[in-house]
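Dear colleague,

I am handing over the structure we spoke about, and it is placed just below this paragraph. After it come my notes on what was found, which I hope you will read with the structure open beside them.

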There are 2 protein chains.
Amino acid sequence: MHISRKSDYALRALAYIASQKAEKKSSISEIAEAESIPRDFLAKILKELTRSGILKSYQGVTGGYQLARTKDTISFLDVIEAMEGPLQVNLCAGIENDCGCSRFNGCSMKAFWDQVQDGLAKTLKDANFGDGKIVSR
Amino acid sequence: MHISRKSDYALRALAYIASQKAEKKSSISEIAEAESIPRDFLAKILKELTRSGILKSYQGVTGGYQLARTKDTISFLDVIEAMEGPLQVNLCAGIENDCGCSRFNGCSMKAFWDQVQDGLAKTLKDANFGDGKIVSR
């Protein structure tokens, strides 16, 4: 039960970009070196973060990446869900109707997993990149 | 960020065994059918739960599985760690010294992941199989 390497890299890349001046465009090479992230994997991650509306991408020699929103509106949950899809601690968690495991009716565990998922989602939603460093409320 | 299918099956198998009378020995086939778990995978899981001291195994025609401890002393964390190894929400979480990601010194995220891990561990430790149903304190 752990976040993926991809999400960890995405969060670290964003922490780096958030720590720079707002007008600065950070290049892939610069972020890869600063955060010890494999360059090709990072390129793919930054492209996905741009598609998700978390980063803005600028082409050309002086191009690079900037945050697309203010630091304090980008939560860890936004980033993890952009990388892994909706948070789902177990098959049934958060599902309103049939969870697809053929045991939806009478399952004694669903309420527990719903509670775990809600708690984790809140923690990840409350953490953001405000003030150029990680802020957890 | 989710528990493995293996852990989910292990928890459901234990919930089934815990719901039976204490002296009852539950067979693999019976648990597999009741919980819709693939039989061979379940056999492997029950063997590992026995090796971890959570189940007792009895051989022979009238054999089967019983809880090795009282219901309220078997936590969800015990079961998940028996299946997946120590809880580790990210590489660095809960690690006292070097987390192995070459960024241990000055990493701004470690405190956050330690906090996520502590919260999740507490929730999973507080949930057990007492009273023959899942109990979350």
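Predicted model: local features only at pLDDT ≥ 70, side-chain atom pairs only at ≥ 80, totals over all residues.

Within chain A, confidence is at its highest in helix 3 (residues 39-51), with a mean pLDDT of 98, and at its lowest in strand 4 (residues 135-136), where the mean is 68.

Chain A has 137 residues, of which 33% count as buried. If one takes the contacts in chain A between residues at least 6 apart in sequence, 56% of them join residues that are at least 24 apart.

Helix 1 of chain A is mostly covered, with eleven of its 15 residues buried; among them are A:Ser7, A:Asp8, A:Tyr9, A:Arg12 and A:Leu14. The buried residues of this helix pack against helix 2 (28-35), helix 3, strand 2 (64-67) and helix 4 of chain A.

For B:Val79, once its neighbours within four places in sequence are left aside, the contacts are with B:Ser7, B:Ala10, B:Leu11, B:Leu14, B:Ile54 and B:Ile74.

Turning to how the chains are arranged, chain A can be laid on chain B by a turn of 180 degrees with a shift of 0.0 Å along the axis, and the RMSD is then 0.0 Å. The two copies are thus related as by a two-fold rotation axis. The residue of chain A that comes closest to this axis is A:Met1, whose C-alpha is at 2.8 Å.

The contact between the chains takes 28 residues from chain A and 28 residues from chain B. On the side of chain A that touches chain B, helix 1 (5-19), helix 4 (76-84) and helix 5 (110-126) each supply at least two residues, and helix 5 gives the most, with six. Sorted by class, that side of chain A has 13 nonpolar, ten polar and five charged residues. Because 100% of the interface residues of chain A are also interface residues in chain B, the copies meet through the same surface.

B:Asp114 counts as partly exposed because it has 16 C-beta neighbours inside 10 Å. Apart from its neighbours within four places in sequence, B:Asp114 is in contact with B:Ala93 and B:Gly94, and its C-alpha atom is separated by 9.3 Å from that of B:Gln88, which lies 26 residues apart along the chain.

With best wishes

Key: Residues numbered from 1 in each chain as written. Chains lettered and ligands numbered in written order. Contact = placed C-beta atoms within 7 Å. Least-squares fit on C-alpha atoms with pLDDT ≥ 70 in both. pLDDT = per-residue confidence, 0-100. Helix = DSSP H or I, 4+ residues; strand = E, 2+ residues; numbered from the N terminus. Nonpolar A, V, L, I, M, F, W, Y, C, P; charged D, E, K, R; others polar. Buried ≥ 20, exposed ≤ 12 C-beta atoms within 10 Å, placed from the backbone.
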